[in-house]
Amino acid sequence: MERDSKIWLDTAVRLIRFGPDRRAVREELAAHLEDKIADHLRLFPDMDEEEAETRALNEMGDAAEIGRALGKIHKPWLGYVWMASRVLVIVGVLWLLATGLFRGDDAYLGDDPRSEWWDTDGLPRTAIMGNDDDLRYLPGEDPDQLLALEPGLRAEVNGQNISLLRTALWREEDGLQTLYCYLRVNTWRFWERGVLREDWMKVTDSKGKVYGLGEDTPEDPEISGLLNGMAPGGYGPFHSGYELYLRKWDPEAEWVRLDYGPGEPVFTFTVDLEEGTA
Amino acid sequence: MRKKWKALWARRPRLGRGGKTVRNLLLALALAILVWGQYGCPLPTAELEFRRAERRNLLPRSEIVFASTGRGEKYIGRESGQSVSLWKPVFIGVAGDGVTAAYGTRQWTVDRYPLEEGPTPASFGYAPAVVFGPGVQEFRFPLMFISVPQGADRAELEFRIVYRGKEHFWSGQGFDLGGGTWLFPLETPEVPYGDYWWRGGGYVLRLYRADGSPLLEQSGTIPE
């Protein structure tokens, strides 16, 4: 069988340039050839193997003609693209498994406990403090919670969606009031998640008082801390959250206005604190 | 239950090689996006990074008046014989009545200043420049001015600030970076300093023509 069949098979697959396809087709043709030889030997028991092989080869057809047809069908570049796609998937999966294994969730979100995949609840993520945000922003029975609003204010700038999601007013232990606001910037363009800067935020109340932020934030010697501030309040691939706090809030102020921008505001949010509307 | 899953699995559509290739390529694309995201979504050029920094910071798209890739490009001082290099990508752009100044580190630092009539100071919170000269290689802070008139051949700056209770003064010549942008390599204060230490400082800018005659003198305060 060996030599004539080998020559025939090699000729039939010669023009298939993509190696794996050439080997696969050769195997299939070889299997057909073996079946034909076996059929001949079964039907004609007196026939010897050489003659059965010769007849089988004749029935298979002209190897060169078959080779030309197979060469036209099996395009090499498709084969290489297929192989490359398998390699890419394997490499990608291994890479992600390795980084996932060694770095866990940190690989994608970082080791900041404030990170989250989605802001599903519209509350800042301050995991360090546990569920304090639920207490702070959600309406509750605490008599010191003077106000808890969902202003639902939105603006769009450069494809970034900025929202003022929550506002809460609390009376602190010393009797003074603190105003909290939760803002969020989100975009589907995860590669350019928006940011807000504290020094570009200007807060004014209805009495004309401007609450200093950034470098202008006054210090409170009683608490040895800053009176006002805006800090990151959770982030994810598609959003950045910020929590604004203003201590010593004027209890007679009827509304609060947030103007954001390095010069002229790029967005402004005004919340009516008396009626609890925006 | 297990049989049901097995039956479901057996009934899955069989993909040919073309289908498998498409499936693999889509999967590879999704994995590549995840890997790209892992590394902070880097972009191929500094300009693209600058534009992204503008959008992230909700700033209008500016017209770039100065750009440096930070690959050690040297700007030569005509008279001093010294040269200065910026070590990180730096962009300055004008949009409306404002100037955007951005400095490229892993997280780009972006600032915005009002555009003035005439030469406008615009600089970065922290950005090192290196001054080279005969026997000289020093880190300095680059205070930039844009919209410097084209006729200026030489520029001198006096800068003064009281920082952490101590007066800090510097005077010297500037480097013409082209396009009306000049760089003045300020020495940093002797006391420990933070970013933006130079804000609120007073300056006097003097411009001279090629024939040495004065072109412009302007004084002002670096905006905060």
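How many residues of chain A are in contact with chain B, and with how many residues of chain B? In this predicted model, 34 residues of chain A are in contact with 27 residues of chain B.

**The interface between chain A and chain B**

The size of an interface is often given as the accessible area lost when the parts come together. For chain A and chain B the buried area is about 2700 Å², and carbon and sulfur atoms give 61% of that area. The polar side of the interface comprises 10 residue pairs in polar contact, counted where both residues have pLDDT 80 or more. Three elements of chain A, namely α5 (76-103), α6 (106-109) and β3 (160-171), each give two or more residues to the side that touches chain B. The largest share of that side, 12 residues, comes from α5(A). The composition of the side of chain A that touches chain B is as follows.

| Residue class | Count on the side of chain A |
|---|---|
| Nonpolar | 21 residues |
| Polar | seven residues |

Three salt bridges are found across the interface of chain A and chain B. A salt bridge also joins the side chains of A:Asp21 and B:Arg17, with an N to O distance of 2.4 Å.

**A sheet in chain A**

Chain A contains an open sheet of four strands in the order β6-β5-β11-β12, with antiparallel pairing. Its edge strands are β6 (210-211) and β12 (267-272), each of which pairs on one side only. Strand β11 (residues 255-260) runs antiparallel to β12(A) and is joined to it by six bridges. Within chain A, A:Val256 stands opposite A:Val271 of β12(A).

Terms used
Residues are numbered from 1 along each chain as its sequence is written. Chains are lettered from A and ligands numbered from 1 in the order in which they are written. This is a predicted model: local features need pLDDT of at least 70, side-chain atom pairs count only at pLDDT 80 or more; totals for chains, interfaces and linings use all residues. Side-chain values use heavy atoms; hydrogens and water are left out. Two strands pair if DSSP finds at least two bridges between them. Contact means heavy atoms within 4.5 Å. Buried area is the accessible area (1.4 Å probe) that two parts lose on being put together, summed over both. A salt bridge is a side-chain nitrogen of Lys or Arg within 4 Å of a carboxyl oxygen of Asp or Glu. A polar contact is a pair of N or O atoms within 3.5 Å; within protein, one must be able to donate a hydrogen and the other to accept it, and residues adjacent in sequence count only if both atoms are side-chain atoms. Ala, Val, Leu, Ile, Met, Phe, Trp, Tyr, Cys and Pro count as nonpolar, Asp, Glu, Lys and Arg as charged, and the others, Gly among them, as polar.
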